[in-house]
Amino acid sequence: MGTDKRRARRRKKGLGNWRLVRYADDFVVMVFGERHHAEALRQEVADVLAPMGLRLSPEKTRVVHIDEGFDFLGFNIRRQRKRGTNKHYVYTKPSRKAIQAIKDKVKTKTSRSIQHMSLAEILASLNRMLRGWANYFRHGVSKKIFNAVGNHVWHCVTKWIFHKYSRIGWQQLRRWFCQPGTWKLAHGGVTFTGAASVSVIRYRYRGSKIPPPRAPSPAAITNS
């Protein structure tokens with residue numbers, strides 16, 4: 001809100017400052033100040049929405065400290081101490097709900113009810129789903145979570161294989177359903193890649209450098 005000078009004046013007066021981040025009908029108001037500033041702002045937002053026939057969801061609307069963290073659009077945003085240092089940074093990671101949601105989908109795709117499908121079909125389907133999920137979360141601190149999800153999927157698929165081919169053991173599984181000399185699942189020309197195959201590219205804050213949506217492009221500005 002306002003300019004840097006205006007925000008500085010408000011801080012000197014003991015008032016809070018805030019920034020609004022919105023996506024469709026979901027938004028977060030980040031407050032620089034005390035808890036009572038955030039509480040007052042929540043009521044102000046509710047008053048603004050009321051004439052439009054809208055209201056804040058009691059289940060989703062909370063006032064939290066950044067050190068507690070909060071979930072927004074599938075991400076968990078929280079300030080934490082960087083390992084090995086005394087410095088604190090705000091980390092953006094896939095939320096527990098988002099991780100559980102992808103695990104539930106994997107469970108459905110590797111259930112006993114689809115044992116009529118081939119392993120190649122299962123692997124191809126999982127690769128597509130995990131690649132799409134990972135592309136959404138690739139701009140956060142997600143690499144370890146991608147690896148953990150991949151390990152979870154590996155165990156789900158191997159369990160599916162053992163149910164489908166009940167008489168095989170681990171050696172047969174490695175010989176018939178993995179790349180030679182590895183435990184990487186592969187069959188019928190399809191190799192399991194998982195979420196970890198998607199590279200993580202950290203998002204960089206651009207702030208005021210983002211042009212407004214209706215700003216004319218430089219090429220469109222002419223002198224008549």
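**Charged pairs, rings and the core**

Modeller: In helix 2 (residues 35–49), Arg35 and Glu39 stand four residues apart, which means that about one helical turn separates them. Please keep in mind throughout that this is a predicted model.

Biologist: What is the distance between the closest N and O atoms of Arg35 and Glu39?

Modeller: Arg35 has a relative accessibility of 48% and therefore counts as partly exposed, and Glu39, at 29%, likewise counts as partly exposed. The two residues form a salt bridge, and the separation of their closest N and O atoms is 3.6 Å.

Biologist: How many residues apart in sequence are the parts that the pair of Arg79 and Asp67 ties together?

Modeller: The side chains of Arg79 and Asp67 meet in a salt bridge, with 2.8 Å from N to O. Because Arg79 belongs to strand 4 (residues 75–81) while Asp67 sits in the loop between helix 2 and strand 3 (70–72), the pair ties together parts whose separation in sequence is 12 residues.

Biologist: Turning to the aromatic rings, what is the angle between the planes of Tyr136 and Phe137?

Modeller: The count of aromatic pairs comes to 11. In the pair formed by Tyr136 and Phe137, the ring centres are 4.8 Å apart and the arrangement is edge-to-face, with an angle between the planes of 85 degrees.

Biologist: Why is the pair of Trp154 and Trp183 edge-to-face?

Modeller: Trp154 lies in helix 5 (residues 143–164) and Trp183 in the loop between helix 6 (170–177) and strand 6 (186–187), so the pair ties together parts that are 29 residues apart in sequence. Trp154 counts as buried because its relative accessibility is 17%, whereas Trp183, at 34%, counts as partly exposed. The ring centres are 6.3 Å apart, and the pair is edge-to-face because its planes stand at 75 degrees.

Biologist: Which residues do ring pairs link into a cluster with Trp133?

Modeller: Tyr136 and Phe137, whose edge-to-face pairing was described above, both belong to this cluster. Along with Trp133, the cluster contains Phe75, Tyr136, Phe137 and Phe146.

Biologist: Which residues have the most contacts inside the largest nonpolar core?

Modeller: This core has 32 residues, and helix 3 (96–109), helix 4, helix 5 and helix 6 each supply at least two of its residues. Leaving aside neighbours within four places in sequence, Ile161 is in contact with Leu119, Ile168, Leu173, Phe177 and Leu185. The residues with the most contacts inside the core are Trp133 and Ile161.

Biologist: Finally, which residue has its backbone nitrogen 3.4 Å from a polar atom of the side chain of Asn127?

Modeller: Asn127 is placed in helix 4 (residues 119–137) and counts as buried because its relative accessibility is 7%. Apart from neighbours within four places in sequence, its contacts are with Val190, Thr191, Phe192, Thr193 and Gly194. Of these residues, the one whose backbone nitrogen lies 3.4 Å from a polar atom of the Asn127 side chain is Gly194.

Terms used
Residues are numbered from 1 along each chain as its sequence is written. This is a predicted model: local features need pLDDT of at least 70, side-chain atom pairs count only at pLDDT 80 or more; totals for chains, interfaces and linings use all residues. Side-chain values use heavy atoms; hydrogens and water are left out. Buried means under 20% relative accessible area, exposed over 50%, partly exposed in between (1.4 Å probe, protein chains only). A polar contact is a pair of N or O atoms within 3.5 Å; within protein, one must be able to donate a hydrogen and the other to accept it, and residues adjacent in sequence count only if both atoms are side-chain atoms. Contact means heavy atoms within 4.5 Å. A salt bridge is a side-chain nitrogen of Lys or Arg within 4 Å of a carboxyl oxygen of Asp or Glu. Rings of Phe, Tyr and Trp (its six-membered ring) pair if their centres lie within 6.5 Å; planes under 30 degrees apart count as stacked, over 60 as edge-to-face and the rest as tilted. A nonpolar core is a set of buried Ala, Val, Leu, Ile, Met, Phe, Trp, Tyr and Cys residues joined through side-chain atoms within 4.5 Å.
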